[in-house]
Amino acid sequence: MVKHIRKCLSCNIYTLKVICPVCSNKTWEIRKYKFKYDDKYFRVKMKAKYGD
Ligand SMILES: [Zn+2]
């Protein structure tokens, strides 16, 4: 059973906790964050490659 790794975007650290142990901000599930990041990156990449 794999636990969801979470990331604090403020501290740039990985944790399994919902609340960042360093800054007490809410952490983000890596899968969700990665998807958002990949989607944005993909669109930028496509635009750069093929124009608008
Ligand atoms: Zn933090």
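Which residue in E2 does Lys7 stand opposite? I looked it up: Lys7 faces Tyr14 in E2. A reminder to myself before going on: this is a predicted model.

**Entry 1: the elements**

I went through the chain from the N terminus and noted the order β-β-β-α. That gives one helix and three strands. The helix, H1, covers residues 30-50.

**Entry 2: the sheet**

Next I traced how the strands are arranged. They form an open sheet with the order E2-E1-E3, and the pairing is antiparallel. I noted that E2 (13-15) and E3 (28-29) are the edge strands; each has a single partner, so one side of each has no neighbour in the sheet. Then I went back to the pair that holds Lys7 and Tyr14. Strand E1 spans residues 6-8, and three bridges join E1 to E2 in the antiparallel sense.

**Entry 3: two loop residues**

I then checked the backbone angles in the loops. I found Asn12 in the loop between E1 and E2. Is Asn12 buried or exposed? I counted 8 other C-beta atoms within 10 Å of Asn12, and exposed means 12 or fewer, so Asn12 is exposed.

Ser24 went into the notebook too: its phi is positive, about 65°, and Ser24 is not a glycine either. Ser24 sits in the loop between E2 and E3. The count for Ser24 is 9 other C-beta atoms within 10 Å, so Ser24 is exposed as well.

**Entry 4: the chain as a whole**

How much of the chain is buried? I wrote down 6% of the 52 residues. I also looked at contacts with a separation of 6 or more, where residues 24 or more positions apart account for 14%.

Last, I looked at confidence. The mean pLDDT of the chain is 79, and 71% of the residues reach 70 or more. Which element has the lowest mean pLDDT, and which the highest? Helix H1 has the lowest, at 66, while E2 has the highest, at 93. Where pLDDT is low, the predicted coordinates should not be read in detail.

How values were computed: Residues are numbered from 1 along each chain as its sequence is written. This is a predicted model: local features need pLDDT of at least 70, side-chain atom pairs count only at pLDDT 80 or more; totals for chains, interfaces and linings use all residues. Two strands pair if DSSP finds at least two bridges between them. Helices (H or I, at least four residues) and strands (E, at least two) are DSSP runs, numbered from the N terminus. pLDDT is the predictor's confidence in each residue, from 0 to 100. A residue is buried if 20 or more other C-beta atoms lie within 10 Å of its own, exposed if 12 or fewer, and partly exposed in between; C-beta atoms are placed from the backbone. Two residues are in contact if their C-beta atoms, placed from the backbone, lie within 7 Å.
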